[in-house]
Amino acid sequence: MCAASCLLTEDQFLCSICLDVFTDPVTIPCGHNFCKTCITKHWDINVPFQCPNCKKIFSTRPELQVNTFISEMAAQFRQSAQQKASSSSSEQQAAKPGEVPCDVKANLGKIEAEIQQMIQKRRLKIQEMKHSVGLSKEDADREIADGIQVLTALKESVERSQAELIDTIKEKQRKTEKQAEGFIKELEQEISELKKRSTEVVQLSRAEYHLHLLQSFKFLNAAPPTKDWTEVSVCPTSYEGSVLRAVNQLEETLSKQMKKLFEAELKRVQQSAMDVTLDPYTAHPELILSDDGKQVHDSNVKKNLPDNPERFDPCVTVLAKQSFSSGRFYYEVQVKGKTNWDLGVVRESINRKGIIPLSPQNGYWSICLRNENEYNVCTKPSVRLSLKSQPEKVGVFVDYEEGLVSFYDVDAAALIYSFTGCCFTEKLYPYFNPSLNCGGKNSAPLIISPVNHTE
């Protein structure tokens with residue numbers, strides 16, 4: 001029983017944050033346990049409220065539940081450790097000639113404790129990695145299932161459109177053939193009548209009795225009644241536009257499927273929503289920030305503020321207080337009513353003084369609006385975006401390890417643009433530039449909006 005208890009203590013009763021025996025252990029809603037102080041400090045520093053083990057995100061700060069079982073086991077472990085230490089000390093003091101000196105035993109014990117702690121850390125790391133692999137497999141299986149479902153539907157739609165196109169063309173050809181068959185039948189009937197009349201005329205022309213000929217000729221017209229076929233014809237059926245209409249219909253179907261995909265994708269990235277607030281120490285002196293740090297606009301009046309290294313000048317820019325160096329994060333910004341703006345993320349070491357061309361090479365991953373309806377990717381050279389609608393709310397999603405920065409039109413559930421294959425090595429900060437006021441034309445603020453999680 002003691003051996004089993006010791007084994008359980010080594011594997012299960014260390015906090016994964018401080019890597020020491022639990023102190024005031026608490027349980028969070030996902031079932032994982034931490035020292036109360038450790039998880040509290042972790043959530044004070046890191047936003048949002050995320051489990052350090054399984055990475056589950058909670059929309060509000062969870063209530064911490066005291067885990068009495070682990071608390072009792074941790075107390076027993078400490079008591080046992082103290083007894084062992086006391087016993088070891090007594091043995092060292094009573095060491096006889098020829099035995100290992102007490103101080104050497106103490107050092108060896110210390111080394112052994114350190115080794116055991118290193119072993120435990122690595123066991124915890126293995127558990128963490130296995131858990132991450134499990135989560136990754138679940139994501140992979142879900143993506144495969146979703147992909148198969150969507151692509152199967154598209155394949156069926158293509159096959160259906162192909163069959164409908166062939167049937168439409170064949171039906172037109174059948175109608176043409178039927179019309180021609182009717183005309184040909186009439187013509188053959190008239191030919192038959194004309195041949196019959198021709199035979200009668202020949203017979204009369206050979207008659208020996210002229211009186212009979214004259215009597216018969218009264219009842220014999222030059223030709224039987226026939227249709228005037230001069231204007232009658234069978235025009236080749238036009239199939240122009242049949243394929244184009246089929247492709248257009250397929251495009252509509254594809255567009256609907258794409259919309260469903262983007263809606264599902266947006267729901268997933270919204271699960272990584274972070275509480276982002278603006279940092280006044282980085283704001284250009286002309287910018288006005290709301291008290292809650294959620295809105296910013298240009299005032300056209302430069303305030304007298306300290307020119308600290310973090311502050312942007314002359315670009316009317318402000319960063320968020322929060323930074324990220326791992327994982328995924330997402331936030332939404334209302335851009336309604338604006339004629340110019342920049343949004344994205346920047347690395348910590350960017351130059352904040354002077355005019356800096358926006359590009360990934362200079363540490364900016366952003367998109368912008370110019371002249372009310374010109375959307376561009378901020379690269380060298382810039383790339384013009386063709387959007388079906390003007391976004392009123394833009395979602396920004398970053399996957400640090402994947403090297404991905406994506407922008408979404410939230411209301412349309414459409415992807416605006418993605419930077420892929422990025423190599424992040426520094427902290428990333430959300431970046432906001434409401435652009436100049438332009439005499440009131442661009443006075444609307446950029447607003448960091450709460451994310452509406454959809455189930």
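Accessible areas here come from the Shrake-Rupley method with a 1.4 Å probe, and for residues only the protein chains shown count as cover. On that basis the accessible surface of the protein comes to about 28500 Å², of which 55% belongs to carbon and sulfur atoms. This is a predicted model, in which local features need pLDDT of at least 70 and side-chain atom pairs count only at pLDDT 80 or more, while totals for chains, interfaces and linings use all residues. Residues are numbered from 1 along each chain as its sequence is written, and side-chain values use heavy atoms, with hydrogens and water left out.

**Overall architecture**

- The protein has six helices and 18 strands; helices (H or I, at least four residues) and strands (E, at least two) are DSSP runs, numbered from the N terminus.
- Of the 455 residues in the protein, 32% are buried, where buried means under 20% relative accessible area, exposed means over 50%, and partly exposed lies in between (1.4 Å probe, protein chains only).
- Among contacts (heavy atoms within 4.5 Å) between residues at least 6 apart in sequence, 63% join residues at least 24 apart.

- Helix H2 spans residues 36–45, and its buried residues are Cys38, Ile39 and Trp43.
- These residues cover an arc of only 125° around the axis, and therefore lie on the same side of H2; the arc is that of the directions from the helix axis to the C-beta atoms.
- An α-helix has 3.6 residues a turn, so residues three or four places apart point the same way.
- Lys41, Asp44 and Ile45 are exposed on the other side of H2.
- The buried residues of H2 pack against strand S1 (25–27), strand S2 (33–35), strand S3 (49–50) and strand S4 (57–58).

**Cysteines**

- A disulfide is a covalent bond between the sulfur atoms of two cysteines.
- The structure holds zero disulfides, the criterion being a pair of cysteine sulfur atoms within 2.5 Å.
- Cys18 is in no disulfide, and the nearest cysteine sulfur, that of Cys38, is 3.8 Å away.
- Cys18 is partly exposed, at a relative accessible area of 35%, whereas Cys38 counts as buried at 16% relative accessibility.

**Salt bridges**

- Side chains of opposite charge can pair when their charged atoms come close.
- The count comes to 14 salt bridges, each being a side-chain nitrogen of Lys or Arg within 4 Å of a carboxyl oxygen of Asp or Glu.
- Glu263 and Lys259 form one of these, at 3.8 Å from N to O.
- Both Glu263 and Lys259 lie in helix H6 (residues 242–270), four residues apart, about one turn of the helix.
- Lys441 forms a salt bridge with Glu372, the closest N and O atoms being 3.2 Å apart.
- This pair, 69 residues apart, links Lys441 in the loop between S17 and strand S18 (446–449) to Glu372 in the loop between strand S11 (364–370) and strand S12 (374–377).
- Lys441 is exposed, with a relative accessible area of 51%, whereas Glu372 is partly exposed at 39%.

**Leu428 and its surroundings**

- Leu428 is found in strand S17 (residues 428–433) and is buried, with a relative accessible area of 1%.
- Not counting residues up to four places away in sequence, Leu428 touches Gln322, Ser323, Phe324, Val346, Arg347, Trp365, Val398 and Tyr400.
- Leu428 and Tyr400 are 28 residues apart along the chain, and their C-alpha atoms are separated by 8.7 Å.

**Nonpolar surface patch**

- Leu108, Ile111, Ile115 and Ile119 form a nonpolar patch on the surface, with about 330 Å² of accessible area together.
- Patches are made of residues with over 30% relative accessible area and no salt bridge, like charges being joined within 9 Å and nonpolar side chains (Val, Leu, Ile, Met, Phe, Trp, Tyr) within 5 Å.
- Ile115 lies in helix H4 (residues 102–205) and is partly exposed, with a relative accessible area of 39%.
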